[in-house]
Amino acid sequence: MSNNVLEDLYQVVLDRKAQYASSGESADEIKKKSYTCYLFSQGENKILKKCGEECTEMVIAAKNHDNNELKNEISDLLYHIMVLCAEENLPFSEVEAVLEERSKKIGNLKVFKQVDHET
Ligand SMILES: N=c1c2ncn([C@@H]3O[C@H](COP(=O)(O)OP(=O)(O)OP(=O)(O)O)[C@@H](O)[C@H]3O)c2ncn1[C@@H]1O[C@H](COP(=O)(O)O)[C@@H](O)[C@H]1O
């Protein structure tokens with residue numbers, strides 16, 4: 001594995017998508033071998049449901065101030081987001097590019113309105 005854990009994970013997800021597309025197995029068989037292939041076999045609604053579920057679990061972990069649980073839930077969410085990107089044919093590198101572009105900006109883009117209470 002290279003230093004870029006996210007890129008490597010996305011590549012595994014893409015490999016599983018290709019693997020699923022070429023396998024003629026049932027969902028039960030697929031699930032035993034690869035959870036990622038199973039998600040692709042279930043389609044967009046299932047993947048979106050999982051993203052929502054993992055996001056809620058992340059929020060609950062944060063509300064409980066349980067950082068051990070929180071890091072696991074964030075990891076689950078990131079994985080499911082990658083499956084969603086692959087399902088939608090959105091290269092994860094495009095998400096990284098948006099973050100990189102934003103990192104070049106200094107300060108907040110919003111201009112704070114100064115209210116003059118004297119007038
Ligand atoms: N990062 C993950 C990852 N995070 C979470 N999960 C799986 O997500 C599932 C979430 O559990 P749930 O109880 O919510 O779901 P479930 O009851 O098993 O099934 P459903 O409710 O979704 O039908 C578990 O089965 C976890 O194993 C993941 N499965 C895979 N990966 C990565 O994907 C790679 C390829 O995995 P496979 O496709 O399984 O080989 C792995 O090496 C990991 O790097």
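## Cysteines

Why is the sulfur of Cys-37 too far from the closest cysteine sulfur for a bond? The closest one belongs to Cys-51 and lies 17 Å away, whereas a disulfide is a pair of cysteine sulfur atoms within 2.5 Å. For Cys-85, which is in no disulfide, the nearest cysteine sulfur is again that of Cys-51, at 8.6 Å. Across the whole structure, 0 disulfides are found.

Cys-37 is buried, at 5% relative accessible area, and Cys-85 is buried at 7%. Buried means under 20% relative accessible area, exposed over 50%, and partly exposed in between (1.4 Å probe, protein chains only).

## Basis of the model

The model is predicted: local features need pLDDT of at least 70, side-chain atom pairs count only at pLDDT 80 or more, and totals for chains, interfaces and linings use all residues. Residues are numbered from 1 along each chain as its sequence is written, and side-chain values use heavy atoms, with hydrogens and water left out.

## Salt bridges

The structure holds 4 salt bridges (a side-chain nitrogen of Lys or Arg within 4 Å of a carboxyl oxygen of Asp or Glu). Among them, Glu-25 pairs with Lys-33 at 2.3 Å, N to O; Glu-25 is partly exposed at 34%, and Lys-33 is exposed at 59%.

Another joins Glu-53 to Lys-50 at 3.1 Å, N to O. Glu-53 is partly exposed, with 35% relative accessible area, while Lys-50 is buried at 11%.
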